[in-house]
Structure formats: structure tokens, C-alpha cells
Amino acid sequence: PVKLNGRLESLLREVVAGNPVFLLQNLGLDLYPVWHYEILVGYDLDQRQMILRSGVHRRITREFALFEKTWQRAGHWALAVVDTDSIPATASAEAYLEAVIGMEQVGRTSGANVAFATALERWPDSLLAHSGLGNTAYALGEFSAAEAAYRDALALDPEKAEVWNNLAYTLARLGRHEASLEAIRRAVELDPDNENFRDSLNELSGGQ
């Protein structure tokens, strides 16, 4: 589920793209709200109607003007629901990656890994997507893939200390001890006051 930007045009574009939209309506008044979730599945421009699924009703229609009014009362809240290998038509990189990070945080590591790779197809210069791809690959035990992702991230920003730290652990898992120490020393050099990086250096150097 990826949060949309609150524009009516975006809802219509998502429907055209084949993405159902989960949205919140306030069918009451601002002072006396009646909250109600619905799924937008289509629209009719000629009749100027939205086509929705609501509760046990497979198909209801609501005039554009009324829909906009009840949706506005609910803060224009809407989500597009997509598979991990696709991106909503109107999603920003920030909104999409926020959703992917949420997946990662609740333990859906494999799905998040696919979604980070999907993000890079649209936003190849996203440092966050490269880092996320590396983190999920590491968690899945795919250390060569993790190294590649971290190095791509560092190509975009070679002064990202936390990426050097993560790369160091990845290289250690690949049995490349000297390269691992070089990476963690780079992290400490970039952020010498960071206790976590100093602890990492101590751990990876065997306390020497």
C-alpha cells in the first residue's frame, strides 16, 4: 500500500493503470464525522461518477462533486495497492520507499528486496533504494548482491558512513577480512564520534 498525493487526478490515473485505490471518506460532517473506507475501482467521465466498492456492496456510484466533498472531509487520504514488482502510476519516490521500508520493518524482507529493486528501475539514482536493496539482500544471506548494492550506493555518495559500515560487515561475511577493515575504517574516518562505528571496528578487527 502506497500513500497517494491527495489529488483527484491521481486517483483517476491509478484506476487507468489498473491499481485499486483504498480511500477514506467522511460521509458525515466535519463536526460529526462518519468515517467509511471504500475501494475505488472505476469512473465514468460521461456521467461524472466514481465507481466504488463499499462494505458488502460490490458496486456503488457517487457523483464527482459529492465524492470530492466527502473525500476532502477525510483529508484526501488514499492508498494505491500494488504488487512488490510494480509502482503506482502517480507515486513519488519518497512515498513508495516509505511503504517499502514499512514492509521491511515488519519482516517482509523478500518482498521489500523485490520492491527496492523495482524502485531502482524508476529511480536509479536513489541512494535510499540502493541502501535498502543492500540491507535486505544481507538479511537474506545474499552477500554478493548486498556488496553490489552498497557499492552502487557509495558511487552516488562516497561519504555515507553508515553504508561503509554495512559494506564492512558484508565483506566480512564474504571472507574478505582486509577489505572489511578498510571499509569500517572509512566509516570511522567519516564519522569519528559515532560509537557504533567504533564498536564495529573493534568487532571486525577481533578486538585488536
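## Helix 3

The expected span of a helix is 1.5 Å multiplied by one less than its number of residues, where helices (H or I, at least four residues) and strands (E, at least two) are DSSP runs numbered from the N terminus. In this predicted model, local features need pLDDT of at least 70 and side-chain atom pairs count only at pLDDT 80 or more, whereas totals for chains, interfaces and linings use all residues. Residues are numbered from 1 along each chain as its sequence is written, and side-chain values use heavy atoms, with hydrogens and water left out.

Helix 3 (residues 93–105) has 13 residues and should therefore span 18 Å, which agrees with the 18 Å between its end C-alpha atoms. Its buried residues (under 20% relative accessible area, where exposed means over 50% and partly exposed lies in between, using a 1.4 Å probe and protein chains only) are Ala 95, Tyr 96, Leu 97, Val 100 and Met 103. Their cover includes strand 1 (2–3), helix 4 (109–122) and helix 5 (127–139), where contact means heavy atoms within 4.5 Å. Just after helix 3, Gly 107 takes a positive phi of about 90°.

## Helix 5

Gly 141, which follows helix 5, has a positive phi near 80°.

## Salt bridges

Side chains of opposite charge can pair when their charged atoms come close. The structure holds five salt bridges, each being a side-chain nitrogen of Lys or Arg within 4 Å of a carboxyl oxygen of Asp or Glu. In one of them, the closest N and O atoms of Arg 62 and Glu 38 are 2.7 Å apart. Arg 62 lies in strand 5 (residues 57–63) and Glu 38 in strand 3, so the pair ties together parts that are 24 residues apart in sequence. Arg 62 is buried, with a relative accessible area of 11%, and Glu 38 is buried at 1%.

Another salt bridge joins Glu 147 to Arg 151, with the closest N and O atoms 2.9 Å apart. These two residues are four residues apart in helix 6, which means that about one helical turn separates them. Glu 147 counts as buried at 12% relative accessibility, whereas Arg 151 is partly exposed at 37%. Glu 147, Arg 151 and Arg 176 are linked in a network of salt bridges.
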